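Please open the structure in your viewer and keep the selection tool at hand.

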Amino acid sequence: MDKDKLSGYLNIAHKAGYLIIGGEKLYNYNKKLYLVLYDSTAQKNTMKIIQKLKGLNITCLALENLQQFIHVENCKIVGIKNKAISDIVLKLLNE
């Protein structure tokens, strides 16, 4: 996994407005989501949100030190609402 490329694509998504940051926003989000990334150290409330999203057939992946990639302090969960960027991020994570 190329950490610099992954960080770059996540920052592009953030600047373009394609990232939904935080559990409260994702829990009530009712539009199309393509990928959810969460920190591997996420606590119980974040994991409840993950289970709900998995029930909606949304791909959810754990990532170590998520806040390091998106440069948002104490961020434990983000959703990507752009199909092209989510496909690129999935490809980078699977390398």
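Two strands pair if DSSP finds at least two bridges between them, and strands (E, at least two residues) and helices (H or I, at least four residues) are DSSP runs numbered from the N terminus. This is a predicted model, in which local features need pLDDT of at least 70 and side-chain atom pairs count only at pLDDT 80 or more, while totals for chains, interfaces and linings use all residues. Residues are numbered from 1 along each chain as its sequence is written, and side-chain values use heavy atoms, with hydrogens and water left out.

Select β2 (35-39) together with β4 (77-80): the two strands run antiparallel and are joined by four bridges, with Leu 37 standing opposite Val 78 of β4.

Next, show the side chains of β2. Leu 35, Leu 37 and Asp 39 on one side, and Val 36 and Tyr 38 on the other, are all buried (under 20% relative accessible area, with exposed over 50% and partly exposed in between, using a 1.4 Å probe and protein chains only).

Finally, select Leu 6, Leu 10, Leu 37, Leu 63, Val 78, Ile 80 and Val 89, which have the most contacts inside the largest nonpolar core, a set of 17 residues. A nonpolar core joins buried Ala, Val, Leu, Ile, Met, Phe, Trp, Tyr and Cys residues through side-chain atoms within 4.5 Å. Helix α5 (83-93) gives the most to this core, with four residues.
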